[in-house]
Amino acid sequence: METQVYHLLLIAMLILAPLTALVLLRVDAPYGRQSRSGWGRLISNRWGWFLMESPSALFLAPVAWLSGVQLGGIFLIALWEVHYVHRALIFPWRLHESRTVPLSIVASAVFFNLINVYLNGRALGSLGPGYPLAWLATPQFIVGAILFVAGLAINLDSDNRLLALKRAGQGYVVPRGGLFRWVSSPNYLGEMIEWTGWAIATWNLAGLTFAIWTIANLAPRARSHHAWYRKKFVDYPKHRRALLPFIY
Ligand code: NDP
């Protein structure tokens, strides 16, 4: 029975991802520079990020453990935790304290993250292909883990550059250096590479679904950020693309 529910949930998530992308191409998620009124009660940005991301940091390991994760799966959990411990416990406190985020956005992110943790945690255990220690020598794990780490490095470097600009207190300015040389949202590009790496390293449908959702969430926002930069800064670098160097 649970296996059927699990697979139905996976299929529903796979169908919902492109629909979400279509909605986000028309309606920007109302936080950061796209903040606007009419989205209900607001809470502090820092606490919002902490609440949104904590379920992913807290619950993947217990769900996978209860599902009978094997030794190789523990290395996959470690990759996940490197990302989420930073995102839930460190990143929020580096943000500017003046910003707020609608509670409705926080609640929907918590809901998504709980489903995502369930799908990925169960897939690391008895509902996935199985991850013995020998999994770590497969081409999927090696390629996926390299991509994950590369994506994480790009994401962290790009977020660090943005947070430094924010701290400088000059308002929004044109970011420079790192992958900003080529694209407007390298932090999003890095995040997408990370979860594509995760999908390859886990080689299961839950990982693929998460990677597709990450792209569905962030590609429309990268497009919107790019249009915003070009409108706001007349001298915005002409060759800089939205998300993919030289391509898009
Ligand atoms: P943004 O790039 O919009 O903003 C990141 C921070 O930098 C914010 O504090 C922002 O301030 C500041 N900032 C951005 N651009 C400038 C600029 N030009 N000048 C000065 N300050 C600037 O990222 P998000 O807030 O959307 O995302 C943060 C992280 O979360 C990213 O790493 C992203 O990949 C990840 N994320 C992942 C998602 C997923 O689905 N997996 C979904 C959403 C985010 P301000 O808030 O005032 O704009």
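Tutor: Let's start with a definition: buried means under 20% relative accessible area, exposed over 50%, and partly exposed in between, with a 1.4 Å probe and protein chains only. This is a predicted model, where local features need pLDDT of at least 70, side-chain atom pairs count only at pLDDT 80 or more, and totals for chains, interfaces and linings use all residues. Residues are numbered from 1 along each chain as its sequence is written, and side-chain values use heavy atoms, leaving out hydrogens and water.

Student: Why is Leu 162 called partly exposed?

Tutor: Its relative accessibility is 22%, and partly exposed lies between the buried and exposed cut-offs. Leu 162 therefore counts as partly exposed.

Student: Which residues does Leu 162 touch, not counting residues up to four places away in sequence?

Tutor: They are Pro 175, Phe 180, Asn 187 and Tyr 229, where contact means heavy atoms within 4.5 Å.

Student: Leu 162 is in helix α5. What makes α3 and α5 roughly parallel?

Tutor: Helices are DSSP runs of H or I, at least four residues, numbered from the N terminus. The axes of α3 (residues 71-90) and α5 (residues 139-168) cross at roughly 10°. Angles under 35 degrees count as roughly parallel, so that is the name for this pair.

Student: Which residues of the largest nonpolar core touch the most other members?

Tutor: Leu 76, Trp 80, Leu 124 and Trp 198, out of 33 residues. Such a core is a set of buried Ala, Val, Leu, Ile, Met, Phe, Trp, Tyr and Cys residues joined through side-chain atoms within 4.5 Å. A second, separate core of 18 residues includes Phe 91 and Tyr 188.

Notes:
Axes are lines fitted to C-alpha atoms, for helices over the stretch in contact, and angles run from 0 to 180 degrees between N-to-C directions. Helices (H or I, at least four residues) and strands (E, at least two) are DSSP runs, numbered from the N terminus. Angles under 35 degrees count as roughly parallel, over 145 as roughly antiparallel, 65 to 115 as roughly perpendicular and the rest as oblique.
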